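I want to look up some helix packing and then check the ligand site.

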Amino acid sequence: MNAPHMDAPIAGQGSLGSQKFPVEALRTQFVALQQAGSFIFFDNAAGAQVPQLVLGAVNRHLVDHNVQRGGRYPQSLAVDATIARSRASVAALVNARRPEEVAFGLNATSFVRLISLAIGQTLGARNEIIVTDLDHEANIATWLALERMGAKFRWWKMRAGGSLDAEDLIPLLSARTRLVACTLTSNALGSITDARAAADLAHAAGAEIFLDSVHYAPHGPIDVQALDCDYLVCSGYKIFAPHMGFLWGRYELLQALPTFREDFIADAPPGKIEAGTFAFENVAGMDAAVNYLARTGRMLAGRAGAPDALSMREDVEFAMRTIQTYEQTLSLELARVLKDCGARIYGIEEDSRVFERVPTFLFNMPGVLPQAVTEAAARADIGIRDGHMYSPRLMDRLGLARESGAVRVSLVHYNTMAEIQRLASVLSGLAIRR
Ligand SMILES: Cc1ncc(COP(=O)(O)O)c(C=O)c1O
């Protein structure tokens, strides 16, 4: 059930062969990792660290041209140029057909809200929206709020194995379906959705598909054309940039949506979905984060020189495919450690299904409160999280209390096998004490 573009790397496209993933070299680019001493960042699903390139870009923006866009003086022209450059970089990151399909803003949730409010005004006879019980609440509650605008809802339910199966969409779709809203990857369980299959089914029913790529984004290549989706939302701070969000949407669809804008703003993307001023310095940081990935891709592929506008997509894709392969080794090791420590893993746990997940694991230690596990980890200088992970409906499905939930460990490409061993000592200590 893997989408081919999210699968194991195709030979020669992101595979390092027998070469080792240069995790230590990449870690040196993250000042926070260098300064953290023995602290281990294992809560990346809640926000990742940023490389030096991003720090430099944010700093330069604030020092050199911290002014409003749209003026005729050099600093203001530089802001316009930064936004345009970042738009082109993010377009390359997601393989957009044109940069105007990318909009910048505060975070992912506010973009889901913005698009849902616009779609709510266009419901008519197609008034059904399909939501899932696996998603982050940001991509559920925002849609449910359209009930007041006449929307009806159908639930695409996770299978017992911990993922959404596109086949289960078939009976939910009809001539009344307006949109399917689902995640590319669960922020709680780490399972990847076959979003292309879902998009094909939605389109065959005359509906659209809205993808939440927030959790998937740091773990693998995004290709909106290969996914054939209609909207896709993401948060910069999960993908090595500062706190900000971006939206990609098919140009014609964004063009047609009724959105709030002042009269003097043209009714065209991206301006029509970027009302007000956003954090330009963080958009500069987002551009630098894509550049970090592109440089990493060039380095991994052994290509000389810095990335340019033409090679950006290829370089980022290579980086993300290689990162994906490395992260699969982290997933296998983390699953082994959790099982050895007697943890109950929720979601995918079979080694043979490692291609269907990212290294984000939700689990509980039998007889130990989730909070006690994260406190023990904190005492050992490891940052992990307990609770419902903003997916309270998923906790209901798993039979877990919303208040206590479970424990989540979420890794990215700068994490190491040695760090997993440190977590193993904490968990095995808890298992023995029981
Ligand atoms: C899968 C997923 N979707 C949406 C969100 C909300 O993102 P934001 O904080 O940018 O609104 C998160 C945040 O953790 C998430 O993990």
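How are helix 3 and helix 10 oriented to each other? I am working on a predicted model, where local features need pLDDT of at least 70, side-chain atom pairs count only at pLDDT 80 or more, and totals for chains, interfaces and linings use all residues. I number residues from 1 along each chain as its sequence is written, and side-chain values use heavy atoms, with hydrogens and water left out.

**Entry 1, helix 3 and helix 10.** I looked up helix 3 (residues 52–64) and helix 10 (residues 280–301) and got an angle of about 150°, with the axes 8 Å apart. Helices here are DSSP runs (H or I, at least four residues), numbered from the N terminus. Axes are lines fitted to C-alpha atoms over the stretch in contact, and angles run from 0 to 180 degrees between N-to-C directions. So helix 3 and helix 10 are roughly antiparallel (over 145 degrees; under 35 is roughly parallel, 65 to 115 roughly perpendicular, the rest oblique). Their crossing is right-handed (the near helix is turned clockwise from the far one by less than a right angle).

Helix 4 (residues 74–94) packs on helix 10 at about 40°, with the axes 9 Å apart. That pair is therefore oblique, and I have its crossing down as left-handed. The contact includes Val79 and Ile83 of helix 4 and Phe280 and Val283 of helix 10. By class I get 10 nonpolar, 4 polar and 2 charged residues.

Helix 11 (residues 312–340) meets helix 10 at about 75°, axes 7 Å apart, which means the two are roughly perpendicular. Their contact has 11 nonpolar, 4 polar and 2 charged residues.

Which atoms of Asp212 and the ligand pair up? I found an N or O atom in the Asp212 side chain 2.5 Å from a ligand nitrogen. A polar side-chain atom of Thr109 is 2.5 Å from a ligand oxygen, and a backbone N or O atom of Ala108 is 2.8 Å from an oxygen of the ligand. Other residues I listed around the ligand include His136, Asn187 and Lys238 (a heavy atom within 4 Å).

How values were computed: A polar contact is a pair of N or O atoms within 3.5 Å; within protein, one must be able to donate a hydrogen and the other to accept it, and residues adjacent in sequence count only if both atoms are side-chain atoms. Contact means heavy atoms within 4.5 Å. Ala, Val, Leu, Ile, Met, Phe, Trp, Tyr, Cys and Pro count as nonpolar, Asp, Glu, Lys and Arg as charged, and the others, Gly among them, as polar.
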